[in-house]
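Subject: Structure for you to look at

Hello,

Please find the structure below.

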Amino acid sequence: MAKTIKGLASIKANQQAQQERAASANRPKADWFKFAKGVTNVTVRFLQELDPEMNNYREDRGVGFIATEHNAPGDKGWQRRALCTIDDGECYACERHKLNYKEGWRQKQNLYINILADLGDGPKVYILTRNANSGFSQQLIEEAVLEGSITDANYRITKSGEGTTTQWLLRRLKDEPFDDSKVEVF
């Protein structure tokens, strides 16, 4: 059923909403971190801490976080993610999972954190995402606990394996960290 908009106040509100949607669609898009073909290790600097109580926390950068999400089923389902809304009372994906768990709508928890990485064309801001229960995420959490900060050093991320056997390893480096004084996080 088509929506009708009546009255000047409603027309102005509708125009404002359309302008906001257009501005949102034209905002800068995030670059997602991924290994280039044939590359097995990359040097990165984390731009966000995992907790506001950590030594180098910056309010303007916030913290990395874990999101509970669903992926759509199918070959390209991993490309479409949505936050789980079960805490709001209803979640389409959770309902689909209850009806047929083999369809692929189960909940997943993913870690999101901004990094500065040099993938060959100089340091640039990327969003790194990994399964929150992966060995890599656990290593990062352990590093944060032991060192009190993850933003004060560069790290080497090493990738091994392919497909479902891919593993990422994390190692703190002793070299001078990338300059992050002029970067903005997503």
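**What was found**

Gly-161 is partly exposed, with a relative accessibility of 39%. The model is a predicted one, so please read everything here as computed from that prediction. Gly-161 sits in the loop between strands E6 and E7. Its C-alpha atom is separated by 25 Å from that of Glu-69, although the two residues are 92 residues apart along the chain.

Glu-162 lies in the loop between strand E6 (154-160) and strand E7 (167-172) as well. Glu-162 is exposed, because its relative accessible area is 61% and the cut-off for exposed is over 50%. From the C-alpha atom of Glu-162 to that of Ile-66 the separation is 24 Å, and these residues are 96 residues apart along the chain.

**The whole chain**

The protein contains three helices and seven strands. Read from the N terminus, the order of the elements is α-β-β-β-α-β-β-α-β-β. The radius of gyration is 20 Å, well over the 16 Å that the globule rule gives for 186 residues, so the protein is more spread out than a compact globule. The C-alpha trace spans about 65 × 45 × 35 Å along its principal axes.

Of the 186 residues, 31% are buried. The protein exposes about 12700 Å², and carbon and sulfur atoms supply 50% of that area. For contacts between residues at least 6 apart in sequence, 57% join residues at least 24 apart. The side chains include 27 positive and 26 negative ones, and the centres of these two sets lie 9 Å apart.

Where is Ile-157 placed? Ile-157 belongs to strand E6. Ile-157 has a relative accessibility of 0% and therefore counts as buried. Beyond its neighbours within four places in sequence, Ile-157 is in contact with Phe-35, Thr-40, Asn-41, Val-42, Val-44, Leu-128, Phe-136, Trp-168, Leu-169 and Leu-170. Lys-102 is 55 residues from Ile-157 in sequence, and the two are 33 Å apart in space, C-alpha to C-alpha.

Thr-40, one of the residues in contact with Ile-157, is in the loop between helix H1 (8-25) and strand E1 (41-46). Is Thr-40 buried or partly exposed? At 43% relative accessibility, Thr-40 is partly exposed. Not counting residues up to four places away in sequence, Thr-40 touches Phe-35, Ile-157, Thr-158 and Lys-159. Thr-40 and Trp-168 are 128 residues apart in sequence, with 9.3 Å between them in space, C-alpha to C-alpha.

**Ser-149**

Ser-149 is found in the loop between helix H3 (135-147) and E6. Its relative accessibility is 1%, so Ser-149 counts as buried. Which side chains make polar contacts with the side chain of Ser-149? One is the side chain of Glu-49, at 2.6 Å. Another is the side chain of Asn-56, at 2.7 Å. Leaving aside neighbours within four places in sequence, Ser-149 is in contact with Glu-49, Met-54, Asn-55, Asn-56, Glu-143, Ala-144, Tyr-155 and Arg-172.

**His-70**

His-70 lies in strand E2 (residues 65-71). With a relative accessible area of 3%, His-70 is buried, because buried means under 20%. A polar atom of the His-70 side chain lies 2.6 Å from the backbone oxygen of Trp-105. Trp-105 is also among the residues that His-70 touches.

Ile-157, Ser-149 and His-70 are buried.

Regards

Key: Residues numbered from 1 in each chain as written. Predicted model: local features only at pLDDT ≥ 70, side-chain atom pairs only at ≥ 80, totals over all residues. Heavy atoms only, no water. Helix = DSSP H or I, 4+ residues; strand = E, 2+ residues; numbered from the N terminus. Rg over C-alpha atoms; globule rule 2.2 N^0.38 Å. Buried < 20%, exposed > 50% of the residue type's maximum accessible area, 1.4 Å probe, protein only. Contact = heavy atoms within 4.5 Å. Areas by Shrake-Rupley, 256 points an atom, 1.4 Å probe, with all protein chains shown as cover. Lys, Arg positive; Asp, Glu negative; His and termini not counted. Charge placed at Lys NZ, Arg CZ, Asp CG, Glu CD. Polar contact = N/O pair within 3.5 Å; in protein donor to acceptor, adjacent residues only side chain to side chain.
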